[in-house]
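Subject: The two-chain model, as promised

Hi,

Here is the structure I said I would pass on.

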Amino acid sequence: MSYLRVFRMAFVMEWKEMLSMDGIMFSFVSTLGTGIITAWILSNAPAGEARDHIYFGTPFLAIWVQGMSRTGLVLQREVWQGTLELMVPSRSPLFVVMASRAVAIATAGLPPAALILGIIYAATGYVPAIASAGLFAVGCGVALVAVVATSLLFSPLIFIYAQKSAVLNAVWPVGAALGGFLYAPERLPAGLEVLARLLPTSWAIEALVGAARGTESGASLALVWAIALTAVIGMVMLTAWLFVVAERRIRVTGMLAR
Amino acid sequence: MNAALNFGRLAFFSYRAASWSDPLSYGANVIIRPLCIMLLFAMTARVSLGTAVAESFVIGSACFAIPWVIRGGLLSGFEEERWAGTMPVHITSTGGRLLPFLSRGILHAPNALVAITCSIAGAVLFLDYSVVGLNWLLAGVALLCMVASVTGLCLALGTFCIVLRNSIFIGNTAMVFFLTLSGGYIPREDLPGVARAVSGVVPMAHGFEALRAAFRGEGFAGNWTHLGAEAAIAVACTAIGYTLFRVLERVAARSGRYDLT
């Protein structure tokens, strides 16, 4: 119960931060360029699975980039302001606090994602048909969970490394390129496809596109979602363990960041 | 001699302050990020628009490492000088102003060129991109002009970073213009009227024309206009930036603060 309270409070705190003018402007300006470029690509791309994949994947790419950038930025600012230290002696586990903040950041990424779809619609008038609204909704949910879990995995590293922006700049581009957001992983060169398959986002976005286009049966979608969610559960457990290790290291060494 | 030594020192301190000495920071910003962004956009173009557009996107993505690297180093430097309280040292100094101002950008330029090289190498390695027939000299001159114009613009935006204390927002806003109007991804002829007209003065736009000509194996003939325009934008941006910085300096010296309101 107390963990739920911690989760709720951290969510509210992060949400308020995101709703500041600074947070809103950061979110919208960061996604504007991607939205315009995507709109141009979609206006020139022939109809087909590749085009639909870009359409459905771009909003989740925006949420991924936002999530990673904001997490690093928020923690960096806390270091500068000296408020990050307060989290360490607190009884609340870092994992719960950071998970809550990651969820808040991902939720705040939804309006910029909608902005991208708005730009695409304004420029191209393109709205793909959805074969099954129910399966599509499930697909969106799984994709969102996959994005949050993947961004959370790197939080312990961002937390303990002094140059927080360095960690996030090393991680988010890799996730963007290999996360299957804008193209199916099998389109990647062979070696990179293997790496892409380790990320739950690549499975989740693939299933989302399949659900929207109606090209996959319910059973085959369920299998892909099961793979994605298994990877998500594995990532969450690994993240929780990494936070315990980070917390212990901070308490023993007395150093917040190296 | 003293002036050259001071210029070198200032350039080094400005560079060191940008955390480039941290290996992860350097690797992430100069190697990993440009490489992955190139892969993301080139792959997207390849699967949806074909090989020709993908090759154009390789050049565009590789060159967008220039503003990414330079704005990261320069703009945050201006803002952090205000946070850290070192800006008054400039204002109360009896020395010249132009050399310290220009020295801020010098050492970030090589990083931008390293980032471009890594991106192109990645395209050759992963996407079978070919550089056969590339006019290396024209490409080199075009890239130097682009680096100069982006550095000039970032120097001009630096004053805004001091006043507004938000280099990330200012840098991201500048990136929107680079990404959409410079022709790196969206061909300038595809832009609507006003945007196309504006794109003529956006840093990198003319450089991209010359660089693409270099990748087609063309020579300098026919590209002097583009190179000249890019160099002119670099000079104009730097001059505007220096003027803005001097105006802010006078306001700060008179009012005792950096805010213009």
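B:F215 counts as buried because its relative accessibility is 18%, and buried means under 20% relative accessible area, with exposed over 50% and partly exposed in between (1.4 Å probe, protein chains only). You'll find B:F215 in helix 11 of chain B; helices here are DSSP runs (H or I, at least four residues), numbered from the N terminus, and strands are E runs of at least two. Leaving out neighbours within four places in sequence, B:F215 is in contact (heavy atoms within 4.5 Å) with B:I59, B:I120, B:Y129, B:V131 and B:L134. B:A232 sits 17 residues from B:F215 along the chain, and their C-alpha atoms are 23 Å apart.

Before you go on, some housekeeping. This is a predicted model, where local features need pLDDT of at least 70 and side-chain atom pairs count only at pLDDT 80 or more, while totals for chains, interfaces and linings use all residues. Residues are numbered from 1 along each chain as its sequence is written, chains are lettered from A and ligands numbered from 1 in the order in which they are written, and side-chain values use heavy atoms, with hydrogens and water left out.

Now the core. A nonpolar core is a set of buried Ala, Val, Leu, Ile, Met, Phe, Trp, Tyr and Cys residues joined through side-chain atoms within 4.5 Å. The largest one here has 157 residues, and A:W64, B:I66, B:F178, B:Y185, B:M204 and B:L211 have the most contacts inside it. Helix 8 of chain B (residues 136–164) brings the largest share of this core, 15 residues.

What about the place where the chains meet? There, 34 residues of chain B are in contact with 36 residues of chain A. About 3200 Å² is buried between them, 79% of it from carbon and sulfur atoms; buried area is the accessible area (1.4 Å probe) that two parts lose on being put together, summed over both. Zero salt bridges are counted between chain B and chain A. Helix 2 (23–49), helix 3 (51–63) and helix 9 (167–181) of chain B each supply at least two residues of the side that touches chain A, and helix 2 gives the most, with 16 residues.

Which salt bridges turn up elsewhere? A:D52 counts as buried at 8% relative accessibility, whereas A:R213 is partly exposed at 31%.

In chain B, B:R188 pairs with B:E209, their closest N and O atoms being 3.4 Å apart. B:R188 lies in the loop between helix 9 and helix 10 (193–199), and B:E209 in helix 11 (residues 205–215), 21 residues apart. B:R188 is buried at 15%, and B:E209 is partly exposed at 31%. Finally, salt bridges that share partners join A:E186, A:R197 and A:E206 into one network.

Cheers

Notes:
Salt bridge = Lys/Arg side-chain N within 4 Å of Asp/Glu carboxyl O.
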